[in-house]
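Student: Could you walk me through how to read a helix and the strands around it? I would like the general idea and then the case at hand.

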Amino acid sequence: MDYCQVLKKCYKVGKITDESPLILITCSGVSNTGKLTAQVGGILAQKEPDLFEGYLHAKQSTRDLEAVINGGKVVVIDGCGDRCAAKKLKSLRITPHIHIIATEEGIVKNGMADPKFEEIETLIAAVRREVRQ
């Protein structure tokens, strides 16, 4: 069953040939770094549709996350050291294959500001670097 067709908030972004597809989970925070992770996920879904098989925000229900992850290799992008997305997955006993934290990539958490273009590019480059290693 293709769970991304069933779920309203799952963005199916293409198939890859690897037996263990990559699934992207982003932070759901409201700070600039949380918003940044969501924007980066959406941009990657558009610009590189074969990179991830599924993409969800961590705020999705436990059932939705489990259904979409379904054995895939999980890539988590958290906005800051609070690690909200990783913590939610930990509660499901899911360990990320790759875990990227925006603030560890030099992006400053500064409240409710909108993400800057440079920050978006920096985080996209970090995701590409880690996924392609």
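Tutor: Happy to. This is a predicted model, where local features need pLDDT of at least 70, side-chain atom pairs count only at pLDDT 80 or more, and totals for chains, interfaces and linings use all residues. Residues are numbered from 1 along each chain as its sequence is written, and side-chain values use heavy atoms, with hydrogens and water left out.

Student: Which are the buried residues of α2?

Tutor: First, the general idea: an α-helix has 3.6 residues a turn, so residues three or four places apart point the same way. Helices (H or I, at least four residues) and strands (E, at least two) are DSSP runs, numbered from the N terminus. Buried means under 20% relative accessible area, exposed over 50%, partly exposed in between (1.4 Å probe, protein chains only). In α2 the buried residues are Asn32, Thr33, Gly34, Leu36, Thr37, Val40, Gly41, Leu44 and Ala45.

Student: What covers the buried residues of α2?

Tutor: The cover includes β1 (22-26), β2 (54-57), β3 (73-78) and α5 (117-131).

Student: How many residues of β1 are buried?

Tutor: 5 of the 5, so β1 is largely enclosed by the rest of the structure. Leu22, Leu24 and Thr26 point one way, Ile23 and Ile25 the other.

Student: Which strands pair with β1?

Tutor: Pairing requires at least two DSSP bridges between two strands. β1 runs parallel to β3, joined by 5 bridges, and parallel to β2, joined by 4 bridges. Threonine 26 stands opposite histidine 57 in β2, while isoleucine 23 faces valine 74 in β3.

Note on methods
Contact means heavy atoms within 4.5 Å.
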